[in-house]
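This briefing is written for a reader who is meeting the structure for the first time. Please keep the sequence and the 3D view open while you read, and look up each residue as it is named.

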Amino acid sequence: MSPQDSPKPFPVLVTPRLVLRSLCAEDAPALHRVWTEPAVTEYLVLTPFSSLGETEGMMRILTDLWPFGQGVRWVLEEEGRVLGTCGFHNLAPEHRRAEVGYEMASEAWGRGLMSEALSAVLEFGFGTLGFHRVEAFVNRGNRRSEALLGRLGFHHDGCLRDYEFSRGGFVDQECHSLLDREWGEGRGALLPSSLRCGSVV
Ligand SMILES: CC(C)(COP(=O)(O)OP(=O)(O)OC[C@H]1O[C@@H](n2cnc3c(N)ncnc32)[C@H](O)[C@@H]1OP(=O)(O)O)[C@@H](O)C(=O)NCCC(=O)NCCS
């Protein structure tokens with residue numbers, strides 16, 4: 001994936017319960033609520049935002065990923081309600097590698113919605129973008145995130161000690177990864193077929 005080979009237009013994904021679409025300016029208040037919720041930011045490596053302007057700045061960064069061939073970030077929408085975002089960044093095209101990131105309002109946790117979204121996102125990453133390896137870095141103690149990755153078939157590669165500097169101190173991060181062949185072999189058993197792959201519209 002590089003700037004010149006970014007397929008256009010933005011790849012909207014549809015799953016049984018969700019629409020995964022590009023960010024738009026009207027999402028700012030809803031995303032600001034999600035990105036400033038303490039339960040959501042607890043394990044994220046960023047200084048929690050205090051102003052809407054900071055949220056809008058992050059939205060611009062995420063929106064630019066796709067047109068500049070540096071990744072892709074989707075908004076998760078359920079019946080018109082914005083729940084959060086997910087997508088790929090930190091691409092290493094020469095290694096066919098990408099990092100996956102995700103976050104969702106806590107009121108939407110516990111319903112399998114992020115598993116459903118990432119099932120479609122991983123299918124797109126391995127199938128359409130041609131990734132060989134997708135990795136995720138999880139702050140120590142983020143059990144929900146590690147459980148999610150486990151459900152999707154990720155392998156726990158190990159602990160990266162003092163890997164990031166966040167909120168005044170170094171934090172350990174657990175590295176998890178999934179390879180294209182593992183996704184190809186495992187996805188059928190991982191999720192019910194209705195949740196397995198999203199359609200691109
Ligand atoms: C990480 C995060 C997205 C996980 O959300 P989640 O809702 O727990 O994840 P899933 O979509 O996989 O849902 C799993 C839960 O739904 C339940 N569930 C219900 N129906 C389900 C279905 N059809 N399929 C899968 N799980 C289902 C599961 O039992 C599980 O519930 P439990 O945690 O009570 O056991 C969420 O906690 C979050 O946004 N955290 C803050 C941001 C963050 O930490 N991001 C990651 C940084 S590395």
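In this predicted model, the helix α5 gives the most to the shell around the ligand, with four residues.

**The shell around the ligand**

- The ligand is surrounded by 20 residues, and the closest of them are E103, G112, M114, S115 and R144.
- Two or more residues of this shell come from each of the elements β5, α4, β6 and α5.
- When the residues of the shell are sorted by class, eleven are nonpolar, five are polar and four are charged.

**The two sides of α5**

- Within α5, the residues S145, L148 and L149 are buried, and they lie on the same side of α5 because they cover an arc of only 95° around its axis.
- R143 and A147, which are found on the other side of α5, are exposed.
- After α5 comes G153, a residue whose phi is positive, near 95°.

**The largest nonpolar core**

- The largest nonpolar core is made of 41 residues, and W74, L76, A117, V121 and L122 are those with the most contacts inside it.
- Among the elements that give two or more residues to this core are the helices α1 (28-35), α3 (52-65), α4 (113-128) and α5 (143-151), together with the strands β3 (72-78), β4 (81-92), β5 (97-104) and β6 (133-139).
- It is α4 that supplies the largest share of this core, namely eight residues.
- If its neighbours within four places in sequence are left aside, A117 is in contact with T15, L18, L20, L76 and C86.

**A136 in strand β6**

- A136 has its place in strand β6, and this residue counts as buried because 22 C-beta neighbours lie inside 10 Å, where 20 or more are needed.
- Which residues does A136 touch, when those up to four places away in sequence are not counted? They are E99, V100, L149, F154 and H176, and one of them, L149, is also among the buried residues of α5.
- Although A136 and A98 are 38 residues apart along the chain, their C-alpha atoms are separated by 8.8 Å.

Technical notes. Residues numbered from 1 in each chain as written. Predicted model: local features only at pLDDT ≥ 70, side-chain atom pairs only at ≥ 80, totals over all residues. Core = buried A, V, L, I, M, F, W, Y, C linked by C-beta atoms within 7 Å. Buried ≥ 20, exposed ≤ 12 C-beta atoms within 10 Å, placed from the backbone. Contact = placed C-beta atoms within 7 Å. Near = placed C-beta within 6 Å. Nonpolar A, V, L, I, M, F, W, Y, C, P; charged D, E, K, R; others polar. Arc of directions from axis to C-beta.
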